[in-house]
Amino acid sequence: AQDFLTKALQANEGMMGARRLLTATYLRSGQPGKALETLQPVLDKIGADPAMLGLAGEVYLQNGDLQKAEEMLAKAAKLDPQDSAKRTRLAQTHLAQGRSASAMEELGQIAAADSGIMADLTLISAHIRKNEFDKALTAIDALEKKKPNDPLPLNLRGLALSAKKDIAGARKNF
């Protein structure tokens, strides 16, 4: 795929679809440097495209540039405020930058308003990493309402209870 997409871009550098796919392919194959090289020629042309801005945010995130990642993801989220994935990714950059209080609040709002589970999982994981097991359990309860017949909330509750040293409760959920 990389070879064909590279040839397509060599033939016509303006093929934004090919550029997007090649950039995403590089990211997925663990080549964030090449993804950045592919994206850089069009960075000044993607200001109104939330998908490309979101992709640019991912590229910068994988290259370790949290400031640029936040900038791109914030623009993408502003252009497409209904896209919870972009908003969740933006909150994750805030977590990575050490702004956990605001990030946790953002994640809670996204999780409450979204039927998806990405924000829920990020929120639960962050609470567990911070040893906030009761908050994690509350977030797991909310996830279970979204996914009542799914074993994931039970497994997560078991992990949180185990970390909280409630072995009997963990065993029951596992």
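These are my notebook entries on a predicted model of a protein.

**Entry 1: confidence**

I checked the confidence before anything else. The mean pLDDT of the protein is 94. I found that 100% of its residues reach 70 or more. Then I went element by element. Helix 1, residues 2-11, has the lowest mean pLDDT, at 90. Helix 10 has the highest, at 97.

**Entry 2: fold and overall numbers**

I counted 11 helices and zero strands. I took the extent of the C-alpha trace next. Along the principal axes it spans about 65 × 30 × 25 Å.

How much of the protein counts as buried? I get 40% of its 174 residues. The accessible surface comes to about 9500 Å². Carbon and sulfur atoms hold 54% of that surface.

I also looked at contact range. I took contacts between residues at least 6 apart in sequence. Of these, 40% join residues at least 24 apart.

I have 24 positive and 21 negative charges in the protein. Their mean positions lie 3 Å apart.

**Entry 3: helix 8**

Which residues of helix 8 are buried? I listed Ala 119, Asp 120, Thr 122, Leu 123, Ile 124, Ala 126 and His 127. An α-helix has 3.6 residues a turn, so residues three or four places apart point the same way.

I then asked what the buried residues of helix 8 pack against. My list is helix 6 (84-96), helix 7 (100-113), helix 9 (133-146) and helix 10 (151-163). Helix 10 is also the element with the highest mean pLDDT.

I looked past the end of the helix too. Asn 131 follows helix 8, and its phi is positive, near 60°.

**Entry 4: Leu 22**

I moved to helix 2, residues 16-28, where Leu 22 is found. Is Leu 22 buried or exposed? Its relative accessible area is 3%, which is under the 20% cut-off, so Leu 22 is buried.

I listed the contacts of Leu 22, leaving aside neighbours within four places in sequence. They are Gln 2, Leu 5, Thr 6, Leu 9 and Thr 38.

Leu 22 and Gln 10 are 12 residues apart in sequence. In space they are 12 Å apart, C-alpha to C-alpha.

Terms used: Residues are numbered from 1 along each chain as its sequence is written. This is a predicted model: local features need pLDDT of at least 70, side-chain atom pairs count only at pLDDT 80 or more; totals for chains, interfaces and linings use all residues. Side-chain values use heavy atoms; hydrogens and water are left out. Helices (H or I, at least four residues) and strands (E, at least two) are DSSP runs, numbered from the N terminus. Buried means under 20% relative accessible area, exposed over 50%, partly exposed in between (1.4 Å probe, protein chains only). Contact means heavy atoms within 4.5 Å. Accessible areas come from the Shrake-Rupley method with a 1.4 Å probe; for residues, only the protein chains shown count as cover. Lys and Arg count as positive and Asp and Glu as negative; His and the chain ends are not counted. The place of a charge is taken as NZ of Lys, CZ of Arg, CG of Asp or CD of Glu. pLDDT is the predictor's confidence in each residue, from 0 to 100.
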